[in-house]
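This report covers strand pairing and aromatic contacts in one protein model. The sequence and structure are shown first.

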Amino acid sequence: MNFENLMNAYAARHQLGSLDFGDNSCQLMIDDQIGVTCLQANGQFCIYCDFARLPNDSRSREELLLRLLEKNLALLANERISLCIDPDQQTLAIYSYASMNGLTVGGIEELIATIGNYHEFYLQWVEQSSAPAHPGMMMMP
């Protein structure tokens, strides 16, 4: 099945209405909160999702990216989830992919569910990492 037919079958199954396609891609909303882009490139089905803005401060940016990359190494091997940066939007994103050969609507559902789950994981992790440290209380003698 080609990309548009697969995505239209997914949309019909989930009662999403008609999808707008452009350059072998389309946009979806997961749980009315998470925007994802699905696309086809070089025989691969790819799903992409922004989850946070990059810190403006270069030191904070570097520290955050190093911590995220450590977490991402395990996910890349087991879940095929990859961390990436959108330099134009200055955002962090995650993506996953699968071969279009033999891909089914069920396979797309699994990829979308995985992206949704890890979107929440990374979003919470970034929020926790960027929270200001609370200084300990000083007790006066």
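## Strand pairing and aromatic contacts

Strand E2 (residues 34–41) and strand E3 (residues 44–53) run antiparallel and are joined by five bridges. Strands, like helices, are DSSP runs numbered from the N terminus (strands E, at least two residues; helices H or I, at least four), and two strands pair if DSSP finds at least two bridges between them. The model is predicted: local features need pLDDT of at least 70, side-chain atom pairs count only at pLDDT 80 or more, and totals for chains, interfaces and linings use all residues. Residues are numbered from 1 along each chain as its sequence is written, and side-chain values use heavy atoms, with hydrogens and water left out.

E2 and E3 form a hairpin with two residues between them, and asparagine 42 in the turn has a positive phi of about 50°. E3 also pairs with strand E5 (residues 91–99), in the antiparallel sense, over nine bridges. The table lists one facing pair from each pairing.

| Residue in E3 | Residue opposite |
|---|---|
| tyrosine 48 | threonine 37 |

In one of them, the rings of phenylalanine 121 and tyrosine 122 are edge-to-face, because their centres lie 5.3 Å apart and their planes meet at 70°. Phe121 and Tyr122 form one aromatic cluster with Phe51 and Tyr118.

Phenylalanine 121 is partly exposed, at 34% relative accessibility. Tyrosine 122, with a relative accessible area of 0%, is buried. Buried means under 20% relative accessible area, exposed over 50%, and partly exposed in between (1.4 Å probe, protein chains only).

Conventions:
Rings of Phe, Tyr and Trp (its six-membered ring) pair if their centres lie within 6.5 Å; planes under 30 degrees apart count as stacked, over 60 as edge-to-face and the rest as tilted.
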